[in-house]
Structures are given as structure tokens and as C-alpha cells.
Amino acid sequence: MVNEPQITFFSGGSALKDTSRTLKKYTRRSVHIVTPFDSGGSSATLRDAFNMPAIGDLRSRLLALADESQPGNYATYKLLNYRLPKTQARSALARELESVITGTHSLNRGVPKAWQEVICRDIARFKADMPVDFDLRGASLGNLMIAGGYLENQCQLDPVIKRFCRLVNVQGYVNTGCDTPLHLAAHLTNGDYVVGQHRITGKELPALKHSINSLFLCHVDEDMKNGIVERVNCRAKTDVLRKVSTSDLICYAPGSFYSSLVANLLPQGMIEQISHVQCPKVFVPSLGIDPEVPHMSLYDRVLLLIRYLARENSPVTDVLSTVLFDPQYTPLTALEEEQLQRLGLYLTKESLVDPASSLAQPHYCPTKLSTALVDMAS
């Protein structure tokens, strides 16, 4: 592939997974900045055990960008994408994990020997430090490998990410905006605070009854004093900021508005770096109902994103230049279009939704979305 553009995505977990796998056909230089603040599922189990950032979204995106064309790569991809059963007894799960470590598990077959040694070593390190009451049900082997490597590398993620990329020949760059093991906190319009991403998304728990007034980072629930959660700042990673600075296009990607998109913008230095880059900066809205902003139109979401991105006395176009949307599924009125254009925004209307998806649960066609973004970046 020639003239492969660097498209930088700010996104969370599953919403961009299929598009990421398709994007490999058009560019191997895409950059994916994912959130390390998840507090639910198997990521929460690891976070509670080792006081580490969440790695589930990181692992998912690394595997989505893996080179699946070579037999050894595909076998490694299958091994790292495997989850231990949720219904087995603790003793059976322990035996299955041990079979992975010793190389006797059926999924170990086909994984190149040198790679298998790295994977088994890191998972063995995890197991050595695993608390006795750790719940292995539903645990991802890829997550356990990353956790073991994190412990082995003095609680640093970057060396583990680089090794993971070599193992499955990742066709792009994936990283977290920061490595500090923080949590998301939301201040609601009724004055209450909610701590923990899993309490915000409306997926594992019921959706919030009140809208989010502001989103920020904190440590843990114990930081609440007199009913107020203390805000914590963290600096965006230098290598990530450097990648943002060389973007040919920046995409605020589909996904949960607060916990996937806004969360990625919270580390200090991120928005400032975005504003300095001379390239298209494109918002692609989520389809269907987002439990985090359930009653917001596309127009409302654009204005809300601007509220988090824009800096005083700076034009909106420094941080957002284009809205790319399918008007059949995320419409704008004529008045709304006029008001957004007055801010200097381009409104790019394209047929982006997979025709095979339903009106009730529409989803983007990975090929249509990938080609639209590559064309804009070029």
C-alpha cells in the first residue's frame, strides 16, 4: 500500500472493532488511543487485584489490528482472544490455565515456539501473583498476558504493548492515553457524583437517571469527602502526544459518548496537542441510542463535544472541523446545519450504515466508514 494515511482514533472498546479490522486493508499506520478507565467485567477483577489501569479495550484493539494472514499469527490471535469459560468450577479453570502455561492446551498448537514462550512466561507471572480468591471465570488470556507483563515490567504498560504488537504483527499503533490507574467520575445535574465507568455506561447497571454535568478522573470511592469527589489530573503519555502530532486525520470515533470519547480527552496535554495539528478533525456519531446521552440529537452531541474540546478565545475549528454522518440515521434540521456551519464546521453526508443492519439496531458498514475516512485523510 502506498501513501497510507495516519488516521488517529479516540475511541473505546467494541464500537470500532469491526472497522479497525477492515481498516488494515487501507492503511497500516492508523493510531488508536483507547481508554484505561474501565471498571467493569474482567478488567475490574484485574484492577482490583493489582491496582492497574484497565486493559480490556487495549487488548481488544490490538487483536483487531493483528495480522491474521499468517498461520502463526492467526493461531496466536486465537489464543490471546480466548476467554476461560464462565460456568466451570474454580479447580477446572485453574487446570485449564495451567495447561496454557505448560503449552499443552489445544490453542497452543500452531503458535510459534518463541512467541509461545513469551505468552506462557507472562501468564505464569500473572498466576504467580494471582490472589487466592481471584475469579478466573470469563478471563481473557490476552488480558492475563498483559497483566503478567505489566507486573514483570515494574507496572509499565508500554513495554508490554510493544511485545504484544510484535507477537501478532499489529497493523497500526495502539496505546492508552495515560497509564495512571484512575477511574472515571461523573458529576450529575442533580448534584450527585457517580464513580466508576461501569456505573456510567448504562450497560452493566441501569442507565443514569440524571444527565452528566461534567466528567473527570479520580482515584477510588474513598476519595469522596463531604459528598464531593476529588478530581485528579494525569499527564498524557509523551509517545501518544507525539503520535497525535503527526496525524493526517483525527477521528472522534463512534462509541459511548462519555466513557469512550470524552474520557480519552481528559489527560492533560491531549486537547492542546489536538489543537496544534493541521489536519481534518472529524466527529463520527454513534448510531442508535447511547445510554450515556439517551435523549441527545446529533446537533446536541456536536455542541457537547465542542464544550469539552474548545478553549477560550480559540476557534472551534482548531479542535473540530467536520461532522461525518449518515443523514438517514442521524439527521440534522436545516436550522441546525446552518448554526453548525456558522461555527466553521463542514457537514459531510454519506451513506455509511450497513444495509444489512436493522433500523432498530443500525451499525456502520466497516468498508464504507474506512474508505470515507481514508479519502478525507488523503
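Predicted model: local features only at pLDDT ≥ 70, side-chain atom pairs only at ≥ 80, totals over all residues.
**Notebook: sheet, cores and salt bridges**

I began with strand 2 (residues 31-34), which pairs with strand 3 in the parallel sense over 4 bridges. For pairing I needed at least two DSSP bridges between two strands. Strands here are DSSP runs of E, at least two residues, and helices are runs of H or I, at least four, numbered from the N terminus. I looked up histidine 32 and found valine 174 in strand 3 as its bridge partner.

Residues are numbered from 1 along each chain as its sequence is written, and side-chain values use heavy atoms, with hydrogens and water left out.

I followed 7 strands through an open, parallel sheet, ordered 3-2-1-9-10-11-12. Strand 3 (173-176) and strand 12 (346-349) are at the edges with a single partner strand each, so one side of each has no neighbour in the sheet.

**Helix 3**

How many residues of helix 3 (residues 56-64) are buried? I got 9 of 9, where buried means under 20% relative accessible area, exposed over 50%, and partly exposed in between (1.4 Å probe, protein chains only).

**Cores**

Next I checked the nonpolar cores, meaning sets of buried Ala, Val, Leu, Ile, Met, Phe, Trp, Tyr and Cys residues joined through side-chain atoms within 4.5 Å. The largest has 53 residues, and Phe10, Tyr252 and Phe283 touch the most other members. Helix 12 gives the largest share of this core, 8 residues. Another core of 44 residues lies apart from it, with Val111 and Met145 among its members.

**Salt bridges**

I counted 15 salt bridges, taking a side-chain nitrogen of Lys or Arg within 4 Å of a carboxyl oxygen of Asp or Glu. I picked out arginine 21 and glutamate 68, at 2.6 Å, N to O. Arginine 21 lies in helix 1 (residues 17-23) and glutamate 68 in the loop between helix 3 and helix 4 (71-81), so this pair ties together parts 47 residues apart in sequence. Arginine 21 is partly exposed at 31% relative accessibility, and glutamate 68 is partly exposed at 25%.

I also looked at arginine 125 and aspartate 129, whose side chains meet at 3.3 Å, N to O. Both sit in helix 6 (residues 113-129), 4 residues apart, or about one helical turn.
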